[in-house]
Amino acid sequence: MRGLVYLPFQPSAAGLACDLVSVQLIVERVGTPAYIYSARAIREAYRALDAAFADHPHAIHYALKANSALAIVRLLRSLGSRVDANSGGEIIVALRAGFGPGDIVFTGVGKTRDELEQAIAAGVGTINAESPGELERIAALAAGMGRVARVALRVNPDIDARSHPNISTGLRTNKFGVPLGDARQLYLVHRTTPGLRFVGVHVHIGSQITTPEPLVRAARALVSLALDLRADGCALEHVDLGGGLGIAYEGQPVLTAAQYAAAVLPELRRLDLPVVLEPGRAIVGHAGALVSRVIDVKRYPDGRQFAVLDAGMTELMRPALYGSYHRIVPVVPRDGERIRWDLVGPICESSDAFATERELPELRVDDLVAVLDAGAYGAVMASNYNRRLLAPEVLVDGSEWTLIRRRQTIDDVLALES
Ligand SMILES: Cc1ncc(COP(=O)(O)O)c(C=O)c1O
């Protein structure tokens, strides 16, 4: 545990374990690289957030983009979660996992006509609209289909999330949403547009946010807008604060679910409306690890030492994409002094590195290492670059484990080609 957060990957007599199962035992069966997730960690993270908002009507719409493995989505459904889908594919995943269309909020900065049609035909709970043009397209499509689309407008409040620039979305220079100052007028213009029904207001200012201020400012701005819209006679059903709650990749103190709720609830209480939350990373981030095998070790004359792994940016892109930090641990650590390692992937890109100058015990070819906190934005961002094959995914629940996605084969990949 770190604070109140359950960390599922811990040393045991048999080497690293996920909950009660030996990591080595799993990869002996499924091979490497492989993703391993803990059901308990997902349950605990979901329940912590749910409990934190217990005093206020709320709905947690898990952001599928963080990890949309069907078994994980089904697990979240069993906990009472709803979902945030970011594409037509994610809508299908939600429906396959057993969610009703009303449980889905459909978000995304660029939705195609086909996706909008799919969402309207399915009758998703809310479409979070990103622009005046999108509102018009939704209205035209819905009216043409004889439907009324339930929409919320995503506003851009020009707030710095103080996260990595690549995952900040609430600044006026970002592509997301409509300027906060334009929102009221847009609601007024479209109040009676056939095919549209405004049911909410939406904001999402970024991801991996670790301090309360930006989230409080966003909540304040959104609630003020909702109060203005109510004064205009607009009957809203919810305010949607998006996701963004960060996790402690480096063991640093971060905002807990309880602190997040304590920070935004005073704003939400200015309005007697339910809040929608769209957390992704905070629910699944700590739950997953990418387990990989050392396939080469190199020592340079200047003392630099490389451990080349059989996993790289094709399996976990975050370090290459954002320079992000992941804890890395040997599955069975060797005794002796700790030395500095560059842990790199096998891809022909210098950005294909998980860590530089990381102090670890000696590593040898065939040793196993686990890249921790890889449950969010890990497997979902994997690619077939270099014709590499998507890694299998395993879900551990207590002392049981299940292969929830098999390793992709080259035939799976080539089946798409003529
Ligand atoms: C609209 C929206 N909602 C929710 C999320 C989930 O964010 P996080 O995983 O940081 O909670 C994202 C991710 O960027 C998003 O774009």
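Thr32 counts as buried, because its relative accessibility is 17% and buried means under 20% relative accessible area, with exposed meaning over 50% and partly exposed in between (1.4 Å probe, protein chains only). This is a predicted model, in which local features need pLDDT of at least 70 and side-chain atom pairs count only at pLDDT 80 or more, while totals for chains, interfaces and linings use all residues. Residues are numbered from 1 along each chain as its sequence is written, and side-chain values use heavy atoms, with hydrogens and water left out.

- Thr32 lies in the loop between helix H1 (23–30) and strand S4 (34–38), where helices (H or I, at least four residues) and strands (E, at least two) are DSSP runs, numbered from the N terminus.
- The side chains of Thr32 and Asp310 are joined by a polar contact of 2.6 Å; a polar contact is a pair of N or O atoms within 3.5 Å, and within protein one must be able to donate a hydrogen and the other to accept it, while residues adjacent in sequence count only if both atoms are side-chain atoms.
- Pro33 has its place in the loop between H1 and S4, and the peptide bond that joins Thr32 and Pro33 is cis, with omega about -10°.
- For background, most peptide bonds are trans, and most residues other than glycine have a negative phi.

**The ligand and its shell**

- The ligand is surrounded by 14 residues, and the closest are Lys65, Ser207, Glu278, Arg281 and Tyr377; a residue is near a molecule or strand if one of its heavy atoms lies within 4 Å of it.
- The shell around the ligand divides into three nonpolar, six polar and five charged residues, where Ala, Val, Leu, Ile, Met, Phe, Trp, Tyr, Cys and Pro count as nonpolar, Asp, Glu, Lys and Arg as charged, and the others, Gly among them, as polar.
- An N or O atom in the side chain of Ser207 is 2.4 Å from an oxygen atom of the ligand, a polar side-chain atom of Lys65 lies 2.6 Å from an oxygen atom of the ligand, and for a polar side-chain atom of His204 the distance to an oxygen atom of the ligand is 3.2 Å.
- Taken alone, the ligand exposes 400 Å², and the protein buries 93% of that; accessible areas come from the Shrake-Rupley method with a 1.4 Å probe, and for residues only the protein chains shown count as cover.

**Strand S11 and its partners**

- Strand S11 (residues 196–202) is largely enclosed by the rest of the structure, because six of its seven residues are buried.
- Strand S9 (residues 149–156) runs parallel to S11, and six bridges join the two; two strands pair if DSSP finds at least two bridges between them.
- Within this pairing, Ala149 has Leu196 in S11 as its bridge partner.
- S11 is also joined to strand S12 (residues 238–240) by three bridges, and these strands run parallel, with His238 in S12 as the bridge partner of Gly200.
- From S11 the chain crosses through helix H8 (residues 212–231) to S12, and this β-α-β crossover is right-handed, a term used if, with the strands pointing away from the viewer, the path from the first strand over the helix to the second runs clockwise.

**The sheet S1-S2-S3**

- Three strands form an open sheet in the order S1-S2-S3, and their pairing is antiparallel.
- Strand S1 (9–12) and strand S3 (21–22) stand at the edges with a single partner strand each, so one side of each is left without a neighbour in the sheet.
- S1 and strand S2 (residues 15–18) are joined by four bridges and run antiparallel, and Gln10 stands opposite Ala17 in S2.

**The loop between S19 and S20**

- Asp373 lies in the loop between strand S19 (368–371) and strand S20 (393–397), is buried with a relative accessible area of 1%, and has a phi near 55°, a positive value in a residue other than glycine.
- Tyr377, found in the loop between S19 and S20, counts as buried at 13% relative accessibility, and its phi is near 55°, also a positive value in a residue other than glycine.
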